[in-house]
Amino acid sequence: MTRHQSDVCVVGGGISAALLAQKLTELRPGLSIVVIEAGRRLFDLENRMEYRRRSTEYGENAWPGDYIPDQAAQGGISRTMAVGGQALHWGGTCNRFSEEDTRLKSMFGLAMDWPLEWNELERYCCEAERRLGVSGEPSPFAEDRRSEPYPMKEMVLSHNLLELQRWANQSGIPFQGIPQAKNTEPYDGRAQCIRCNTCLICPTGARYSPDFTFQQLLAAKKIQLHDQTLVRRLVMHDTKNIIVAAQAVNRQKPDESIEYRAPVFVLASGYTWSPHLLLLSRNARFPDGLANRSGLVGRYMAGHAFISAFIEVDAKIYPGMNETHSLISRQFFRSPQDKPFVRHDLRVWESNYGREPRLRDATGKVLLGDDLLADWRRRAQRGTARVRAYMDVHPDRDSSLTLDESAKNKWGDPLPKIEHRLAADTLARQSRVREHMLGVFQRLAKAGDGKILNISDGDYLDHPAGGCRMGAEPSTSVCDSYGHTHDHENLFVVGAPTLPTAGCTNGTLTFVALTLRSASRIAGQFPRS
Amino acid sequence: MTRRNLLQWLAALPIPALQVWAQTAMFPGEHGPLLSEIGAVVLPRELGRAGTDRVVEQFERHVREYRPGADTDHGYGVTRLRVKPASPAPAYLRQLASIKTPISAETIAAALDAAGVKELPRFAEGKHVAADLMAFYFHGSEANDLCYRAAIGRDQCRGLEGSDHPPASLKGMSG
């Protein structure tokens, strides 16, 4: 057996792990930190232009090798397991939650209040924006006030987005550019965005991804990164409720077992693998899994529902100018307290829906060459907007992640199974919320002489979170607001799993903000040198 | 032995995997002129014959650089591991060998009907070489520009400056 000793053992190598490690090295220089990631490191920026080309032209995976064939969750949203995690190929959207997310119970009588004040979380949102490098413009709503400006000026709206903004604003709903972790100027050693239109594989590094942070930390020899290493169990002390070791296996050397020892362990493995590891680590004293005296590990799995529409608009749109940039309205982040609860964001993108080249006309006749081009040009006279809303829905206690004994990896460990279930009050208002959404789409369409072409409901919950929810009471939560587990004094969970509810807009910035707040508390476990 | 001769020799060996590899590497073999004729019919005349021949050459290279077994995107929301299927080159060669000549819009349409091609595939799938050639071009950035008569450059890295204005008209065209 190979043994490693460190001060902090971080399990998971995604965005939360990267920024946690970065902040810890700043707060406590000299701390020895080991980050363990089951997937590979893909530190090959120089190849990304070619990966982008192969993805665009052939549909190949733009991140070759970014998954583990026998390590997947049923009901999981992504197969990505690599150093950098799902934020390797995120879109970079860095929209904020709002105070309502932290006070659902006291404001609306729904779900629960988060065990921290919005004003405090907002400060960590600013820190997250600085570390990620976010470009944005302030919201026009007073409730969205910021304590610091964005670190970078907003991305210029393309001609298409300006046209769509003009159209959408006629509805009386104000739209602005979405804040993004994309460089509108050189930032933190990374290049300015050059509008490659493929942010899911940014070939220049202008869109933040955690591999850059890891590479900086490794170059400065501030952390150790053990990739391709799967942590299979956390081991408790014989008599005390502390974690003494993480047992792992290197996927390249499967016969060699590895043990990591540290005074502090941090799970930064996201909403799937953090609760999964706690459940896998069950023992005689914690037969339902570590940190699980409340019975809530793998419960309250959250996310937001969504609904999309394509709306034909009277605007000259040139599809492809900047397809990954969008508009957002935060108008519906507030739900009047004297009216039924409806809360959502609203996004608008350029689109070519209904205006793609087609082989056959409406009668089925084959179109070739000039005929095809003429048909395409005729249908491209008007523009299309893609509109989507993320709706605030709340999880039921039985929204679960469990161990699936029927699906095991090559080491015989049961894999996670995620089954989202919505709370009764969320289900009760679904039809009313949908009716509201249809009204919003109609209002948008009507404002610009438009026509709704298509409406579709999402069939999964996006930006999933939860599974180790935070709270003030050990009986109703897994950890406190710092991710410190109630049951184990040296075990933390950070980022997405700690959210009790998943809001109504992209979650990554909030996951990172909470992690940075946790980092301050974790650093406090160690004296300043 | 020249590279071409070597590939022809390999393609003749009774080893299926080697045949497919060689047929892909030497695509379109002896059918270059025929594929050029097809290109002249299925691609816009606005490109001119030199333009359609250029697109056909790009398509031929695209086929030669195809990588069977390469991972495809595994999806988001609903995930699935998939790999690119076998090279479409052998199917293309069979289709080229059997297509009726002289090439015309009618013969192409009949071939597409017979092959059951209903729409342009997103990526080459081998149902019919004419459909895949069209998909290769019409789903591309250059065709998008031609449709809108504007230098949108969808698949290029273009910088942010000036993107708040409509893209410039294509040379010689009004927007």
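Trainee: Is A:Ala111 buried or exposed?
Mentor: A:Ala111 counts as buried, because 20 C-beta neighbours lie inside 10 Å. The cut-offs, with C-beta atoms placed from the backbone, are 20 or more other C-beta atoms within 10 Å for buried, 12 or fewer for exposed, and partly exposed in between.

Trainee: Before we go on, what kind of model is this?
Mentor: This is a predicted model, where local features need pLDDT of at least 70, side-chain atom pairs count only at pLDDT 80 or more, and totals for chains, interfaces and linings use all residues. Residues are numbered from 1 along each chain as its sequence is written, while chains are lettered from A and ligands numbered from 1 in the order in which they are written.

Trainee: Back to A:Ala111, then. What is its phi?
Mentor: Phi is positive, about 45°, although A:Ala111 is not a glycine. The residue sits in the loop between α4 (104-108) and α5 (118-132) of chain A. Helices here are DSSP runs of H or I with at least four residues, strands are runs of E with at least two, and both are numbered from the N terminus.

Trainee: And B:Arg149, what is phi there?
Mentor: Phi of B:Arg149 is near 50°, again a positive value in a residue other than glycine. B:Arg149 is in the segment after α8 of chain B. With 17 other C-beta atoms within 10 Å, B:Arg149 is partly exposed.

Trainee: OK, chain B. How many helices and strands?
Mentor: Chain B has eight helices and zero strands. Its C-alpha trace spans about 60 × 45 × 40 Å along the principal axes. Of its 175 residues, 33% are buried.

Trainee: Which peptide bonds are cis?
Mentor: One cis bond joins B:Phe27 and B:Pro28, with omega about 5°. B:Pro28 is in the loop between α2 (16-25) and α3 of chain B. Another runs from B:Thr101 to B:Pro102, with omega near 0°. B:Pro102 belongs to the loop between α5 and α6 of chain B.

Trainee: Let's take α3(B). Which residues are buried?
Mentor: They are B:Leu35, B:Ile38, B:Gly39 and B:Val42. Seen down the helix axis, they fall within an arc of 105°, so they line one face of α3(B). The arc is taken over the directions from the axis to the C-beta atoms.

Trainee: What covers them?
Mentor: The cover of those buried residues in α3(B) includes α9 (369-379) of chain A, along with α4 (48-64), α5 (89-98), α6 and α7 of chain B.

Trainee: How do α3(B) and α7(B) pack?
Mentor: Helix α3 (residues 32-42) and helix α7 (residues 129-138) of chain B pack at about 60°, with axes 10 Å apart. Axes are lines fitted to C-alpha atoms over the stretch in contact, and angles run from 0 to 180 degrees between N-to-C directions. The two helices are therefore oblique to each other; under 35 degrees is roughly parallel, over 145 roughly antiparallel, 65 to 115 roughly perpendicular, and the rest oblique.

Trainee: Which residues meet?
Mentor: B:Ile38, B:Gly39 and B:Val42 of α3(B) meet B:Ala130, B:Leu133 and B:Met134 of α7(B). Contact means C-beta atoms, placed from the backbone, within 7 Å. By class, this contact has five nonpolar, one polar and no charged residues. Ala, Val, Leu, Ile, Met, Phe, Trp, Tyr, Cys and Pro count as nonpolar, Asp, Glu, Lys and Arg as charged, and the others, including Gly, as polar.

Trainee: Next, α6(B). Which residues are buried there?
Mentor: B:Ile108, B:Ala111 and B:Leu112. They cover an arc of only 95° around the axis, which puts them on the same side of α6(B). The face turned away from that side carries the exposed residues B:Glu106 and B:Ala114. The cover of the buried residues includes α3 and α7 of chain B. Just after α6(B), B:Gly116 has a positive phi of about 70°.

Trainee: How many residues of chain B are in contact with chain A?
Mentor: 49 residues of chain B are in contact with 46 residues of chain A. On the chain B side, α3, α6 (105-115), α7 and α8 (141-148) each give two or more residues. The largest share, six residues, comes from α8(B). By class, that side divides into 28 nonpolar, ten polar and eleven charged residues.

Trainee: Last one. In chain A, how do α5(A) and α11(A) cross?
Mentor: The axes of α5(A) and helix α11 (residues 508-523) of chain A come within 8 Å and cross at roughly 105°. They are therefore roughly perpendicular to each other. The residues in contact include A:Leu121 and A:Tyr124 of α5(A), and A:Leu509 and A:Val512 of α11(A). That contact has nine nonpolar, no polar and two charged residues.

Technical notes
Contact = placed C-beta atoms within 7 Å.
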